[in-house]
Amino acid sequence: MICPHDVSVVLVSYARPWNLPIICQSLVDYGFEDIHMVDNWQPSWESDGIRCRTDSSMLHTQFSPELLSKVKYIKARSNCKTASRYLSLDKHVKHEVIATVDDDYVVTDKGWDHILEAWTGEKIVAQLPAENGQFRQSGKVPFINIGYGSLFKKSWANVVFSYLLNEGLVSQEEFRRFGDRIFTTFFGSWDIVEATDKTLRRLTNPNGELSDTDSSSIHLKSDYWLDQWNLVMKVMGHRLKAKDLYMKESPSFYEYQNLMEFLSHTAYGDLATESG
């Protein structure tokens, strides 16, 4: 079983700041030491005509200083949805093995135990609730949801997106909207761990609404499903062709991070040390 201190965590968030201290505390308590929290939220305030005057938003104020010092905060300059997972995999992320989870669930200690025990280093490991359609149709759906707790290698993402973006086979807009679908479809190999109420806990918003069914969930958008499926079919075709092409080496993915002007890393603990 891989140890949590050999794994980097990427937590992607949009418009659910109240959940983040709960999730981050659970990650720290489990033993993860390299935790990166990507905030897709604040740019959306400006696009909605609401000006945020400071970075001292709800995202920050709900963290204790001690917890905040153990999390590296990444503020997206635009909402790149699930593509944020992959754009954040830069030199600040210490480990080759990446764990990821979304901002509407807590993976319990038992859940992470099951996920880490299933890791072989050869396939994506994804936890899925039994009621999820992808769990019921395992082996038939060409992609997998990795937001319920998962593991993959940083180099896998580098290879997939460097190839697809360098060759112009997917657009930056497709990458922004469907990063997870592109990655898992192209990689094409995973092991599933069944989630239970003892391994995965649903979170609620302050109004009592379940976080995974609120209005910020991308799957509620009317054009999401058709656009997703058309893209998945295209990526499956590219995967077949790629077997005969140059997948032995990967160009650097960092150029895309710079090109899209995506991230500004703020490691609070490091900054506090430097300023002291």
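How are H8 and H9 oriented to each other? H8 and H9 are roughly perpendicular to each other (the class for angles of 65 to 115 degrees, with under 35 as roughly parallel, over 145 as roughly antiparallel and the rest as oblique). The model is predicted: local features need pLDDT of at least 70, side-chain atom pairs count only at pLDDT 80 or more, and totals for chains, interfaces and linings use all residues. Residues are numbered from 1 along each chain as its sequence is written, and side-chain values use heavy atoms, with hydrogens and water left out.

**View 1. Overview of the chain.** The chain has 12 helices and 10 strands (DSSP runs numbered from the N terminus: H or I of at least four residues for helices, E of at least two for strands). Of its 276 residues, 52% are buried (buried is under 20% relative accessible area, exposed is over 50% and partly exposed is in between, with a 1.4 Å probe and protein chains only). Among contacts (heavy atoms within 4.5 Å) between residues at least 6 apart in sequence, 82% join residues at least 24 apart.

**View 2. Packing of H8 on H9.** Helix H8 (residues 154-166) and helix H9 (residues 172-187) have axes 10 Å apart and an angle of about 115° (axes are lines fitted to C-alpha atoms, for helices over the stretch in contact; angles run from 0 to 180 degrees between N-to-C directions). The H8 and H9 crossing is right-handed (the near helix is turned clockwise from the far one by less than a right angle; anticlockwise is left-handed). From H8, Trp-156, Ala-157, Val-160, Phe-161, Tyr-163, Leu-164 and Leu-165 meet Phe-175, Gly-179, Ile-182, Phe-183, Phe-186 and Phe-187 of H9. The contact of H8 with H9 has 12 nonpolar residues, 1 polar and no charged (Ala, Val, Leu, Ile, Met, Phe, Trp, Tyr, Cys and Pro count as nonpolar, Asp, Glu, Lys and Arg as charged, and the others, Gly among them, as polar).

**View 3. Packing of H9 on H10.** The axes of H9 and helix H10 (residues 224-242) come within 9 Å and cross at roughly 50°. This makes H9 oblique to H10, in a right-handed crossing. Residues of H9 in this contact include Glu-174, Arg-177 and Arg-181, and those of H10 include Asp-227, Lys-234 and Arg-239. By class, the contact of H9 with H10 has 9 nonpolar, 3 polar and 6 charged residues.

**View 4. Aromatic pairs.** The whole structure contains 14 aromatic pairs (rings of Phe, Tyr and Trp, the last by its six-membered ring, with centres within 6.5 Å; planes under 30 degrees apart are stacked, over 60 edge-to-face and the rest tilted). Phe-32 and Trp-112 form an edge-to-face pair, 5.1 Å centre to centre with 80° between the planes.

**View 5. The loop between E3 and H5.** Thr-82 lies in the loop between strand E3 (71-76) and helix H5 (83-87), and is buried because its relative accessibility is 16%. Beyond its neighbours within four places in sequence, Thr-82 contacts Arg-176, Arg-177, Phe-178, Gly-179 and Asp-180. The C-alpha atoms of Thr-82 and Asp-180 are 5.9 Å apart, while the two residues are 98 apart in sequence. Lys-81, in the loop between E3 and H5, has a positive phi of about 50° although it is not a glycine. Most residues other than glycine have a negative phi. Lys-81 is partly exposed, at a relative accessible area of 31%.
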